[in-house]
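Visitor: I have a structure open and would like someone to walk me through it. Can we take it piece by piece?

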Amino acid sequence: MPNCAHKAEILAPAGNEDSLKAAVNYGANAVYLGLDTYNARASAQNFTLDNLQKWLDYAHLYGVKVYLALNILLNDYECEQAFQTIINAHNMGVDAVIVQDLGLMKLLSQYAQEVKVHCSTQMGINNYLGAKWAKDNGAHRVILSRECSLKDIKSISQNVNIEIEHFVLGALCVCFSGNCYYSSRVSGLSGNRGRCLQLCRKRYSLINDNKTLSTGYLLSPADQNLTLYLNQLINAGVTSFKIEGRMKRPEYVAQAVKTLKNALENTNSYHDDLAHLKMMFNRGGYSTGYFKQSPKHSDLIYSKHPAHIGQNVGKIKSIQKDIIGLNSNYDYQNGDGFKIFRNGEEVGNALACNGQIKFRGEVKEGDDVNITSSAKLIKDLQNYTRKLKINMQYT
């Protein structure tokens, strides 16, 4: 991969203040965040209009852009307040606003053309006709549906002169482009209102004619990782690489930005970065999503475990009471956390303390041990602070 860092924006999630600082510290070009209303991550800590100015100033000091996610479907009575929220944020210096609701987008195109609008991935834009519609209706950028293949992206960039943002790291939704109605049907809590219950991460059985064909996490996609294909995406026309994760911890954001930045700059640390990223969070060992046309079901869904599986560091060599020994060269440290798997399914967990690894669960010799939380890695990521060069004159 040639050095192409200057050609693409690294866009990081900021679910809270610490994540924003982590993204800035590790060199993100932009962050996206939500306020305490009208955003699709209602469970994140988020920001408020009262503290937004402070964090805009902080990000802009480092040359980092800030995009406001106001990306839910709105009720009619909410449109006026949502519109005013955007105007207030724009006046503070927000660089763009991410919108899903077509009515709100119409209001902005009519009465606030100075506001840069990015069409949310939940609009489901996946071909050049959708991108052309967005451009004609005042959008500055389209955040593509995650179902777009490389061929789809090329078609869009060749036919429409518009910025293209694409997810390259993070969770995939089992439904089309995040427009899931499962939570809404079951509980009235709508994913399109930022209150998804993540029912796709539950355990299910596939039954036909009273016969159980399979059981597991049958609706749970593996996380997407396209860091090996960044150059192809740039050549296809992508101008912004987006990291999913406003619900993830700041250390994950730091490592994700670091991994993406080093991949773009063609450094030699990619394999170490990928291992560290897996330690911070990954579902299913990663997939390439819909990057290649017509992926198989098995390429997308990881049915054995719905959550963080970490990075494998070896197998259980011995068991003594509540302590396990590892057949591994990994130099574990106090505070390291582990999950224990057998045939891909979690059977226990463990914690390193006082020089030993203490476990809980029904484990056996030969079970796989994955590190899911590295105390040293977290400490290293937390201790880095980005510094600015300044020029001074004094008398």
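**A walk through the model**

Visitor: What kind of model is this?
Guide: It is a predicted model.

Visitor: How many helices and strands are in the protein chain?
Guide: The protein chain has 12 helices and 17 strands.

Visitor: What share of the residues is buried?
Guide: Buried residues are 51% of the 395 in the protein chain.

Visitor: Which residues touch the most other members of the largest nonpolar core?
Guide: They are L104, L108, L233, F241 and I324, in a core of 100 residues. Helix α9 gives the most to this core, with eight residues. Another core lies apart from it and has nine residues, among them A96, I98, I143 and F167.

Visitor: Why would such residues sit together at all?
Guide: In soluble globular proteins, nonpolar side chains tend to be buried together.

Visitor: Back to F241. What is it in contact with, leaving aside neighbours within four places in sequence?
Guide: The contacts of F241 include A8, I10 and L11, and also H166, V168, L233 and L260.

Visitor: New topic. Which strands make the barrel?
Guide: Six strands close into it, in the order β12-β13-β16-β15-β14-β17, with antiparallel pairing. From one strand to the next, the twist averages 45 degrees.

Visitor: How many bridges join β13 to β16?
Guide: Two bridges join β13, residues 323–327, to β16, residues 356–361. I324 stands opposite I357 in β16, and I324 is also one of the residues that touch the most other members of the largest core.

Visitor: Where is there a hairpin?
Guide: β8 and β9 form one, with two residues between them. The two strands pair in the antiparallel sense over five bridges, and N208 stands opposite K211 in β9. In the turn, D209 has a positive phi of about 55 degrees.

Visitor: Now helix α1. Which of its residues are buried?
Guide: In α1, residues 17–25, the buried ones are S19, L20, A22, A23, V24 and N25. What covers them includes the strands β1 and β2 and the helices α2 and α9.

Visitor: What happens at the ends of α1?
Guide: N16 caps the N-terminal end, with a side-chain oxygen 3.1 Å from the backbone nitrogen of D18. Just after the helix, G27 takes a positive phi of about 100 degrees.

Visitor: Is S145 buried or exposed?
Guide: S145 is buried, because its relative accessible area is 0%, and buried means under 20%. S145 lies in the loop between β6 and α6. Its side chain makes a polar contact with the side chain of E147, at 2.3 Å. Leaving aside neighbours within four places in sequence, S145 is in contact with residues including T121, N126, H166 and F176.

Visitor: And R185, buried or exposed?
Guide: R185 lies in helix α7 and counts as exposed, because its relative accessibility is 77%. Exposed means over 50%.

Visitor: How far is R185 from V115?
Guide: R185 and V115 are 35 Å apart in space, C-alpha to C-alpha, and 70 residues apart in sequence.

Methods. Residues are numbered from 1 along each chain as its sequence is written. This is a predicted model: local features need pLDDT of at least 70, side-chain atom pairs count only at pLDDT 80 or more; totals for chains, interfaces and linings use all residues. Side-chain values use heavy atoms; hydrogens and water are left out. Two strands pair if DSSP finds at least two bridges between them. Helices (H or I, at least four residues) and strands (E, at least two) are DSSP runs, numbered from the N terminus. Axes are lines fitted to C-alpha atoms, for helices over the stretch in contact, and angles run from 0 to 180 degrees between N-to-C directions. Buried means under 20% relative accessible area, exposed over 50%, partly exposed in between (1.4 Å probe, protein chains only). Contact means heavy atoms within 4.5 Å. A polar contact is a pair of N or O atoms within 3.5 Å; within protein, one must be able to donate a hydrogen and the other to accept it, and residues adjacent in sequence count only if both atoms are side-chain atoms. A nonpolar core is a set of buried Ala, Val, Leu, Ile, Met, Phe, Trp, Tyr and Cys residues joined through side-chain atoms within 4.5 Å.
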